[in-house]
Amino acid sequence: MRADEPVKVGILISGRGSNMQSLVAAAEQPGAAYQVAIIASDKPDAAGLRWAAEQGIATFALSPKGIGKAAYEAAVDTALREAGVEIIALAGYMRLLSGDFVGRWRGRIVNIHPSLLPLYKGLDTHARAIAAGDAEAGCSVHIVTEELDDGDVLGQARVPILPGDDADALAARVLVEEHRLYPKILTEFVRR
Ligand code: GRF
């Protein structure tokens with residue numbers, strides 16, 4: 001890899017892919033530090049995958065159903081390596097990667113999680129923050145390890161929790177920050 005060449009990133013998604021879109025938009029800016037080499041999904045009908053294909057980005061879709069986790073992950077690994085991927089960015093990817101997969105990409109997988117880690121790992125982060133009476137919520141970009149939503153935090157953004165907020169209202173406020181934070185931190189990460 002030449003020093004001035006954008007780092008090749010593979011993005012894994014499971015759903016609508018709004019964070020993926022923000023990562024792609026940043027990669028299209030002149031002088032971007034990374035390029036999106038491939039977008040892969042465990043849900044062949046993911047809306048984000050259709051969008052990626054429409055943009056002309058290479059896509060890979062495979063469901064683990066029926067073939068098992070090991071065969072699924074081996075196929076994803078092969079697709080990423082054949083695309084020249086150096087760094088993996090999870091963006092609304094809803095599966096826990098195995099220790100074997102994480103080990104093969106040790107320190108080279110990042111994720112965005114909609115909470116101020118280490119608070120609220122897992123699902124329903126916004127409802128849990130509201131129920132706890134927290135004054136603020138946010139999102140975190142972190143290194144992926146074998147443990148769910150664990151690993152070093154690379155950056156966070158915060159938003160207030162306002163009176164009357166429900167989980168959807170808070171999720172929408174946090175999502176705006178996710179879209180700003182993830183490209184910024186990924187850019188810093190690939191340049192480190
Ligand atoms: C985001 O809130 C992300 O933080 C979480 O799942 C959501 C995915 O949204 N892991 P999108 O697919 O990026 O729109």
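**Briefing: pocket, cavity and helix contacts**

Tyr 120 is found in the loop between β5 and α5, where helices (H or I, at least four residues) and strands (E, at least two) are DSSP runs numbered from the N terminus. This is a predicted model, in which local features need pLDDT of at least 70 and side-chain atom pairs count only at pLDDT 80 or more, while totals for chains, interfaces and linings use all residues. Residues are numbered from 1 along each chain as its sequence is written, and side-chain values use heavy atoms, with hydrogens and water left out.

- Although Tyr 120 is not a glycine, it has a positive phi of about 55°.

**Largest cavity**

- On a 1 Å grid over the protein atoms alone, a cavity is a set of points where a 1.4 Å probe fits but cannot get out; a pocket is an open set with protein on both sides within 12 Å along at least five of seven lines; and lining residues have an atom within 4 Å of a point.
- The structure holds one cavity of 30 Å³ or more.
- The volume of the largest cavity is about 60 Å³, a volume being the space filled by probe spheres set on the points, with grid points joined across faces, edges and corners.
- Tyr 120 is among the residues that line the largest cavity, which also include Pro 114, Ser 115, Leu 116, Leu 119, Thr 125 and His 126.
- α5 and β6 (136–143) are the elements that give two or more residues to this lining.
- The lining of the largest cavity divides into six nonpolar, four polar and two charged residues; Ala, Val, Leu, Ile, Met, Phe, Trp, Tyr, Cys and Pro count as nonpolar, Asp, Glu, Lys and Arg as charged, and the others, Gly among them, as polar.

**Largest pocket**

- The largest pocket has a volume of about 890 Å³.
- It is lined by 36 residues, of which Gly 92, Met 94, Ile 112, His 113 and Pro 114 are the closest to its centre.
- Two or more lining residues come from each of α1 (18–27), β5 (109–113), α5 (125–131) and α6 (167–191).
- The most is given by α6, with six residues.
- By class, the pocket lining has 16 nonpolar, 13 polar and seven charged residues.

- The axes of α1 and α6 come within 9 Å and cross at roughly 45°; axes are lines fitted to C-alpha atoms, for helices over the stretch in contact, and angles run from 0 to 180 degrees between N-to-C directions.
- That angle makes α1 oblique to α6, given that angles under 35 degrees count as roughly parallel, over 145 as roughly antiparallel, 65 to 115 as roughly perpendicular and the rest as oblique.
- In α1, Ser 18, Asn 19, Ser 22, Leu 23 and Ala 26 meet Leu 175, Glu 178, His 179, Tyr 182, Pro 183 and Leu 186 of α6, contact meaning heavy atoms within 4.5 Å.
- This contact of α1 with α6 has six nonpolar, four polar and one charged residues.
- The axes of α1 and helix α2 (residues 47–54) come within 9 Å and cross at roughly 25°, and α1 and α2 are therefore roughly parallel to each other.
- Met 20, Gln 21 and Val 24 of α1 make the contact with Gly 48, Trp 51 and Ala 52 of α2.
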